[in-house]
Amino acid sequence: MSELLVLIDHSEAAPRKLSLQMLSAAAGLADDAGANVSAVWLGPGAADAASTLGAHGATKVYHWDSEDAYGYVTLPQVEALEAALEAADTDTVFFASTNHVKDVASRLAIRADGGVITDVTGLKVEDGRFVATKEVFGGDKITTSKVADGKLQLLGIASNAFPAEESGGGDPELVALDVELSDAAKAATVVSVEKVGTSDRPDIAEAAIVVAGGRGLGNEDGFQLMEQLADVLGAGVGASRAATDAGWYPHRYQIGQTGRTISPTLYLGSGISGAIQHRAGMQTSQNIVAINKDAEAPIFQIADFGVVGDLYDVVPKLIEELETRKG
């Protein structure tokens, strides 16, 4: 292997935080793997993002500038990645461990005779192959996994598992991919995209701090309090399934086994009991703070800091104190 490919997840021509984390992780492991780091950019914008990708470790950027290349439809991305595999000398691809990209990676694995490991939180190199660690069963166990020798390694990296650090690299080489889509890939196309729920708050999958509310809020007005706390902290806002099922907050912000998986530096949950389904989506958070009036709530079993009390007494005081400290 002379190249380690990193599939860049991006939005509006800007690489997402997780993509920069993946590049930094790849750059840190490149010497052990005997490889250079190459990014794969599907969709317009590669040239504009090249300097950022280079600063985080990419020495080359394979790109396909077609509007068909990025987002929402799977097969064009699979076939573009096949073209990248043909152009590169590689046996390893890092990808963002999100629902859509997992679909792309699994289809690519079938076509390229590869193995997939998702939600990776730790990596090392042994005998030129990657060994990955990940948490399973809601974080109750940690597994060590590797792809069989001779197979393409497709490694899905969890958000915030690695820091995004600049390595001081220069502008990478840009290499255009020659992609001919099959009839199957052309069979489904996106006809329009509507951006919904725009917010200045960070996306919960990438946020360093996440504030979450649950059934204990009592009603949808409670999320106004969560948003106030989030805005003071510069945090994203999430919710338990009970809260989203009740219609108190949009489903796209649901955290848990059937929702989003997050791994922020700080998770602050209010009125959330901590059922295993919710814990599966946030248990890898580096620091967990729980506010709940039930001292026996399961969330306290995994919390680093717990406050037993009425959130409507605790959170306003917390907001007041944070605002005072900010000056």
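User: Are Tyr 249 and Tyr 253 buried or exposed?

Analyst: In this predicted model, Tyr 249 and Tyr 253 are both buried. A residue counts as buried when its relative accessible area is under 20%.

User: How many aromatic pairs are there, and how are the rings of Tyr 249 and Tyr 253 arranged?

Analyst: The count of aromatic pairs comes to 3. One of them joins Phe 223 and Tyr 249: the ring centres lie 4.5 Å apart and the planes meet at 15 degrees, so this pair is stacked. Planes under 30 degrees apart count as stacked, and those over 60 as edge-to-face. For Tyr 249 and Tyr 253 the centres are 5.2 Å apart and the planes are at 45 degrees, so that pair is tilted. Phe 223, Tyr 249 and Tyr 253 form one aromatic cluster.

User: Which parts of the chain does the pair of Phe 223 and Tyr 249 tie together?

Analyst: Phe 223 belongs to helix H6 (residues 222-233), while Tyr 249 sits in the loop between H7 and strand E15 (266-270), so the pair ties together parts that are 26 residues apart in sequence. Both Phe 223 and Tyr 249 are buried.

User: How is a pocket read, and what is the volume of the second largest pocket?

Analyst: Rolling a probe the size of a water molecule over the atoms shows where empty space is left. The second largest pocket has a volume of about 470 Å³. It is lined by 27 residues, of which Arg 215, Ser 240, Gly 271, Ile 272 and Ser 273 are the closest to its centre. Helix H7 (241-245), helix H8 (276-279), strand E16 (287-292) and helix H9 (311-326) are the elements that give two or more residues to this lining. By class, the lining of the second largest pocket has 8 nonpolar, 14 polar and 5 charged residues.

User: Where does Ser 240 lie, and which residues is Ser 240 in contact with beyond its neighbours within four places in sequence?

Analyst: Ser 240 lies in the loop between strand E14 (236-239) and H7. Ser 240 has a relative accessible area of 7% and is therefore buried. Leaving aside neighbours within four places in sequence, the contacts of Ser 240 are Gly 213, Gly 214, Arg 215, Gln 254, Ile 272 and His 278.

User: How does one read the backbone angle phi, and what is the phi of Asp 119?

Analyst: Most residues other than glycine have a negative phi. Asp 119, although not a glycine, has a positive phi of about 55 degrees. Asp 119 lies in strand E7 (residues 114-120) and is partly exposed, with a relative accessible area of 24%. Asp 127 likewise has a positive phi of about 55 degrees without being a glycine. Asp 127 lies in the loop between strand E8 (122-126) and strand E9 (129-136). With a relative accessible area of 82%, Asp 127 is exposed.

Conventions: Residues numbered from 1 in each chain as written. Predicted model: local features only at pLDDT ≥ 70, side-chain atom pairs only at ≥ 80, totals over all residues. Heavy atoms only, no water. 1 Å grid on protein atoms, 1.4 Å probe; cavity = no way out; pocket = protein on both sides within 12 Å on 5 of 7 lines; lining within 4 Å. Points joined across faces, edges and corners; volume = space filled by probe spheres on them. Helix = DSSP H or I, 4+ residues; strand = E, 2+ residues; numbered from the N terminus. Nonpolar A, V, L, I, M, F, W, Y, C, P; charged D, E, K, R; others polar. Phe/Tyr/Trp six-rings, centres within 6.5 Å; stacked < 30°, edge-to-face > 60°. Buried < 20%, exposed > 50% of the residue type's maximum accessible area, 1.4 Å probe, protein only. Contact = heavy atoms within 4.5 Å.
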